[in-house]
Amino acid sequence: MKGIESRKKRYVDVVALHREDGSVRPLSIVWEDGRRFKVDRILDTRRAASLKVGGTGVRFLVRIRDRDTFLFYENPRWFVEEKVRAGEAR
Amino acid sequence: MHVDMNTFYASVEQAEHPKLRGKPVVVAGKEELRHGIVLTKSQEAKAYGIKTAEALWEARAKCPGLVVLPPDYPLYKKYSALARDIYYQYTDLVEPFGLDENWLDLTGSIHLHGGQPRVVAEEISERIRAELGVTVSIGISWNKIFAKFGSDFEKPDAITEITRENYQDIVWNSPVGELLYVGHATERKLAAYNVRTIGDLAHASDAYLKRRFGTIGLMLRTFARGEDATPVKAYDPARKDVERTVKSYGNGLTAPHDIFTASDAKALIYLLSESVAQRLREDGMRARTIAIGVRDGEDLTSYTRQTKLPYATAATRDVARTAWTLVLANERFDGTRPIRGLHVRATDLVAASEPEQLSLFESKRDIALRLDFTIDELRRRFGNLCIQRGAELVDEALLGVDIKGENTVHPVGYLHS
């Protein structure tokens, strides 16, 4: 991917629906600057290790504004694989 | 099937921290506390010749730039539990052997997964890699010993099948030290008689093994021949964990006054048995062996006696009667030897969910057990003292004693101090 040098594990605020049957559905991600990203669709849910930033959890493949990205539920925390752009300090 | 998570601590660290991948990593104890030895090494560190249990300075000398990490046990436990969650999807018979190794008995469930152990092993291996980011090596065989041998035979990330056709080639040609429970000392002793491979051990004579090693020798030969029939012990996935393997339940009490009469002793035995049995039931266990401990009132010496039941039980009636029979067999109650304290312990545990051989002649046990569960429920709602046994009411000093609530004595400390 152009411009992306690496990724890092970024814990995020998530608004989620915890259903009666125990399943969890993330509704939106709240970024640290207060921006809110609505999860438009959940394309895939599975337990998986993050190969990019390490750790393991329930991995949601979510579609946010026509972009697909992974959102991990590490129980009790959520994290994303944040893009670190080339030249940016890590 | 035996599943071994390769270089477990180091692999988990590498899975958790991608920056460590591909680097020589060791997880080691704290140097300041003089615990500075290598607990696990990554594959990369292994390539430098670093060994487990080596001192850190030795390891550093072999490999400049070695990454040394302190152990993070909660993290390893998390990965260990996640791995077992995967195993439980293939069988309920999963026996942990430390955090990183497990035996799986697929005998009863293999047909549900297509009937091919190797295919199931591949699937488990693949899932562990995808879901946890670490690798496993798996040994498949018809007995636990050879399965363990198989998982050690090739690693990391490998599957080895030990079959009735190939075991003589693979297992018997290997050095005897690779067999489970053959340590260095045993290996040396065997070598003195030119028993060097597992095959040699399998062919050793009764007389030699008995003379040199006692019954253990015969056990090892059973292992070597692949005749070990030890079952994979089921652990209740919901509550059992490797770090909490309960071996026994015991309660003991120093009586409010020294005990001279049989009825007082009986009251105390029933009180203790009740607490032990209740705890067994709460944890979903049954015990096959009941033990008592008696402490003498005069010189404070103590002894223990135990007996094995023909069945496993969690019924208060069974525990109490057995314990009381043991006391009666050993105490005279003629007023000469007062008892200071008593102790009841239930060991040889099996999960209550395990199938049980029913007896044609003993049918009242489930009635007793149902009564016990009713009593448990009453006590849960109204307190441990809301309902008591007649035998316990004989001794007034014991009336207010709530063994279970106040006095869960640790079994070992009580009589062996």
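**Ground rules.** I worked from a predicted model, in which local features need pLDDT of at least 70 and side-chain atom pairs count only at pLDDT 80 or more, while totals for chains, interfaces and linings use all residues. Residues are numbered from 1 along each chain as its sequence is written, chains are lettered from A and ligands numbered from 1 in the order in which they are written, and side-chain values use heavy atoms, with hydrogens and water left out.

**Chain B overall.** I looked up the elements and found 16 helices and 12 strands in chain B. Helices (H or I, at least four residues) and strands (E, at least two) are DSSP runs, numbered from the N terminus. Of its 417 residues, 48% count as buried; buried means under 20% relative accessible area, exposed over 50%, and partly exposed in between (1.4 Å probe, protein chains only). I also checked the contacts in chain B with a separation of 6 or more, and 64% of them join residues 24 or more positions apart. Contact here means heavy atoms within 4.5 Å.

**Helix H4 of chain B.** The buried residues of H4(B) include B:Leu75, B:Tyr76, B:Tyr79, B:Leu82, B:Ala83 and B:Ile86. An α-helix has 3.6 residues a turn, so residues three or four places apart point the same way.

**Where the chains meet.** I looked up the contact between the chains: 12 residues come from chain B and 12 from chain A. Together they bury about 880 Å², 47% of it on carbon and sulfur atoms; this is the accessible area (1.4 Å probe) that two parts lose on being put together, summed over both. I found 1 salt bridge between the chains, meaning a side-chain nitrogen of Lys or Arg within 4 Å of a carboxyl oxygen of Asp or Glu. A:Lys9 forms a salt bridge with B:Glu16, with the closest N and O atoms 3.4 Å apart. On the side of chain B that touches chain A, the elements that give two or more residues are H1 (8-16), H4 and H5 (117-132). H5(B) gives the most, with 4 residues.

The side chains of B:Lys148 and B:Glu101 meet in a salt bridge at 3.0 Å, N to O. B:Lys148 is buried at 9% relative accessible area, and B:Glu101 is buried at 12%. B:Lys155 and B:Asp152 also meet in a salt bridge, at 3.5 Å. B:Lys155 is partly exposed at 39%, as is B:Asp152 at 32%. Shared partners join B:Asp4, B:Glu101, B:Lys148, B:Asp152 and B:Lys155 into one network.

**A pair in chain A.** I noted a salt bridge between A:Lys52 and A:Glu81, with the closest N and O atoms 3.6 Å apart. A:Lys52 is partly exposed at 40% relative accessibility, whereas A:Glu81 is buried at 8%.

**B:Tyr193.** I found B:Tyr193 in the loop between H8 (184-192) and H9 (198-202) of chain B. B:Tyr193 is partly exposed, at 40%. Leaving out residues up to four places away in sequence, B:Tyr193 touches B:Tyr208 and B:Arg212.
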